Amino acid sequence: MAALNSRKSSVVLVYNDKKTMTITDDMASFSAVDNASGEADTITIDVQNRGMKWFKNKWFPKSTDFVKASIKVEHWKKQNDNRTVFIGRYCIDEFSTEGYPGTASISGISIPIHSSFNVTERNKTYKKTSVQAILEEIARCADIKLAFSAKNQKLDEISQDGKTDMAFAFSICSDYDMCMKVYNNKLVVYDQTDYEKKKAAFTLTPSDFSDDNTYNFKRSVSCVYDGVKFQYQDKDGKNIIYKYIIPGKKGKRLLNISGSADSHDDAARKAKAQLTRNLRDAVTASFNLMGDPVYQAGNVVKVSGFGGFDGRYFIDQVTHSKSEKYTSFLQCHKCVTNIN
């Protein structure tokens, strides 16, 4: 009978598309935070520096350096389960060393740090435009590409009142139920409800948990509504009320909000987006598991075997951590797909 191969995990880094380095199980630690929307992805790598090589010019990170990271697993969940999964491109943000014994720490962030994207606050008014057109301009200024896969929304007028491009882009996307993140030098925007309707990427059951793993479910009844009532001013200054009740509900408990809207269609999208955001807080879950690069923010996981908490969950954030063990921590909410 052939000997079984040992389970192994490692991190593969490619510097500036040139220099490749594999950080294996004996590294100090590694952590990568993958967000579905609203926050930059980050990476932190702690390595041994006993040979002082990280002080040398060949290894010392430059301010313009970037790194592409992948997680590699071998014989992971079974024999010959060998996978290498790309997790992102990160600009080197911080570098530090300490000793003795010598260690070095490298931190990276997914957003462009050599532009005004998340620094300069602007006052600008956009007229006769659309969400996609604004995001294209913002991406161009940040010297990144836009990957847009959502229903566009026409805008009569909108102002960027003292917000950075990053904050302004996120606020617009949030208004219309779009997720936004910077990934691999691209501004990625997608319709969150469409993603929550996708087929689950994997399933979690009680058998996936052992003494080293944990799960946590939470239900908040105060976040549950039958519909939404939106009082808004149109472009002529007229006060209008838009009301929406979820199909099959009686409309006894409505979310009351107010704001501005360019049109009836604009008001409907904003109101439904706000209602959906509230409903996503009604049932949440977190899972601390044996690590696996298949766990990615923006994916859907099917949860089974937990009774009333069973269902489909959208992954809001994943933290991959590796020191002595490789673990993944998932933060999720139950999918909301009945708003139409």
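Predicted model: local features only at pLDDT ≥ 70, side-chain atom pairs only at ≥ 80, totals over all residues.
Residues are numbered from 1 along each chain as its sequence is written, and side-chain values use heavy atoms, with hydrogens and water left out.

Let's start with charges. Side chains of opposite charge can pair when their charged atoms come close. The structure holds 12 salt bridges, each being a side-chain nitrogen of Lys or Arg within 4 Å of a carboxyl oxygen of Asp or Glu. Helices (H or I, at least four residues) and strands (E, at least two) are DSSP runs, numbered from the N terminus.

Take glutamate 137 and lysine 124, whose closest N and O atoms are 2.2 Å apart in their salt bridge. Glutamate 137 sits in helix α1 (residues 131-141) and lysine 124 in strand β8, so the pair ties together parts 13 residues apart in sequence.

Now, buried or exposed: which is glutamate 196? Here buried means under 20% relative accessible area, exposed over 50%, and partly exposed in between, with a 1.4 Å probe and protein chains only. Glutamate 196 is buried, with a relative accessible area of 0%. Its salt bridge partner is arginine 280, with 3.0 Å between the closest N and O atoms. This pair links distant parts of the chain, 84 residues apart: glutamate 196 is in helix α3 (residues 192-196), and arginine 280 is in the loop between α4 (264-279) and β18 (283-290). Arginine 280 is also buried, at 6% relative accessibility.

Lysine 325 and aspartate 212 form another salt bridge, at 3.1 Å from N to O, and both of these residues are exposed.

On to the backbone. Lysine 128, in strand β8 (residues 121-130), has a positive phi of about 45° although it is not a glycine. Asparagine 184 also has a positive phi, near 55°, and is found in the loop between β11 (178-183) and β12 (186-191).

Finally, the surface. Tyrosine 100 lies in the loop between β6 (83-98) and β7 (103-109), and counts as exposed at 74% relative accessibility.
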